[in-house]
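Hi,

Here is the structure I promised to pass on. Have a look at it first, then read my notes below.

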Amino acid sequence: MMTYVNTLAEPVFAFDAAIVRQPSKSVIGGLRAGDGGDPDYAGVRAEHEAYVAALGKAGVAVTTLGALEGYPDAVFVEDPALVFPEGAILLRPGAESRAGEVSEIAGVLHEQFSTVLELPGEGFVEGGDILTTPKKVMIGLSSRTDLAGAGALQKLLAEFDRASEIVETPADVLHFKTDCSLLDQETVLSTARLARSGVFDGFDVVLTPEGEEAAANALRVNDAVMVGADFPRTIELLDNRGYAVVPLKTTEIGKIDAGLSCMSLRWRRPSA
Ligand code: CIR
């Protein structure tokens with residue numbers, strides 16, 4: 001295995017590469033907990049296109065995979081795998097309808113990474129439950145990520161010299177990162193319901209304004225902080241704190257419980 005030294009010299013949100021996948025027409029049947037109606041396919045495509053453009057503008061080279069009609073949620077490439085400068089990890093989604101997405105993304109990961117590990121054992125982990133911070137990788141238990149999967153993942157992260165911690169996701173919240181994101185090396189954006197658990201003790205915490213909980217799934221990429229355009233108070237809050245806010249529409253993907261982190265795998269390529 002390649003030894004990767006000095007992983008923490010760059011901020012964890014310094015990315016120069018990303019993988020995304022075109023939304024399929026079947027995305028309108030994507031998994032969701034609520035009943036806010038089906039997303040509009042053209043709307044999802046438009047949101048996805050603007051997102052990919054924003055990644056490019058932030059300085060990331062984007063690899064775009066083709067749509068997978070057999071997997072309505074496959075546009076959310078964050079969930080079947082995890083990527084770091086040191087290598088990639090193939091996960092095991094807890095949602096049955098998403099299990100096949102892992103082998104669909106394995107090929108491009110083998111092309112782009114010299115090390116690709118696979119989650120052993122029987123447990124489940126989805127990437128939406130993983131928050132990478134400078135000091136540790138946080139693994140949220142949820143309806144999609146169980147203790148067996150989280151424990152197996154900790155062992156793989158140790159191979160990358162990454163410390164990790166298993167934490168709880170609030171009840172009825174899809175993924176850990178549905179409710180939080182990293183704004184900079186010390187600061188997280190979090191819903192009050194998640195922060196209340198004390199999980200972010202030691203971080204600076206910016207709380208999403210009441211009623212804008214869905215804004216918590218923001219995405220820091222290099223200098224840009226991408227935030228859902230439907231959340232004006234969160235945008236103003238982050239703008240006032242000096243972040244370079246890039247509002248992006250998430251109205252349609254929000255109907256199937258998705259936000260900005262879900263639509264890409266992002267990493268920094270190790271320098272030769
Ligand atoms: C699902 O329920 O799996 C999709 N409809 C949404 C996945 C969102 N992914 C993410 O937050 N990483």
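Predicted model: local features only at pLDDT ≥ 70, side-chain atom pairs only at ≥ 80, totals over all residues.

Residues are numbered from 1 along each chain as its sequence is written, and side-chain values use heavy atoms, with hydrogens and water left out.

Now the ligand. There are 13 residues around the ligand, and the ones that come nearest are Leu31, Asp73, Glu78, Ile256 and Cys262. Some of them make polar contacts (pairs of N or O atoms within 3.5 Å; within protein, one must be able to donate a hydrogen and the other to accept it, and residues adjacent in sequence count only if both atoms are side-chain atoms). Leu31 has a backbone N or O atom 2.8 Å from a nitrogen atom of the ligand, and Ile256 also places a backbone N or O atom 2.8 Å from a ligand nitrogen atom. With Asp73, a polar side-chain atom lies 2.8 Å from a nitrogen atom of the ligand. On its own the ligand has 350 Å² of accessible area (Shrake-Rupley method, 1.4 Å probe; for residues, only the protein chains shown count as cover), and the protein covers 99% of that 350 Å².

Next, Lys177. Is Lys177 buried or exposed? Lys177 is buried, at 9% relative accessible area; buried means under 20%, exposed over 50% and partly exposed in between (1.4 Å probe, protein chains only). A polar atom of the Lys177 side chain lies 2.8 Å from the backbone oxygen of Ile130. Apart from neighbours within four places in sequence, Lys177 is in contact (heavy atoms within 4.5 Å) with residues including Glu78, Asn217 and Arg266.

Of its 37 residues, Phe176, Phe200 and Met226 touch the most other members. Helix 1 gives the largest share, five residues; helices (H or I, at least four residues) and strands (E, at least two) are DSSP runs, numbered from the N terminus.

Finally, the whole chain: six helices and 15 strands, with 56% of its 272 residues buried.

Cheers

Technical notes:
Core = buried A, V, L, I, M, F, W, Y, C linked by side-chain atoms within 4.5 Å. Near = heavy atom within 4 Å.
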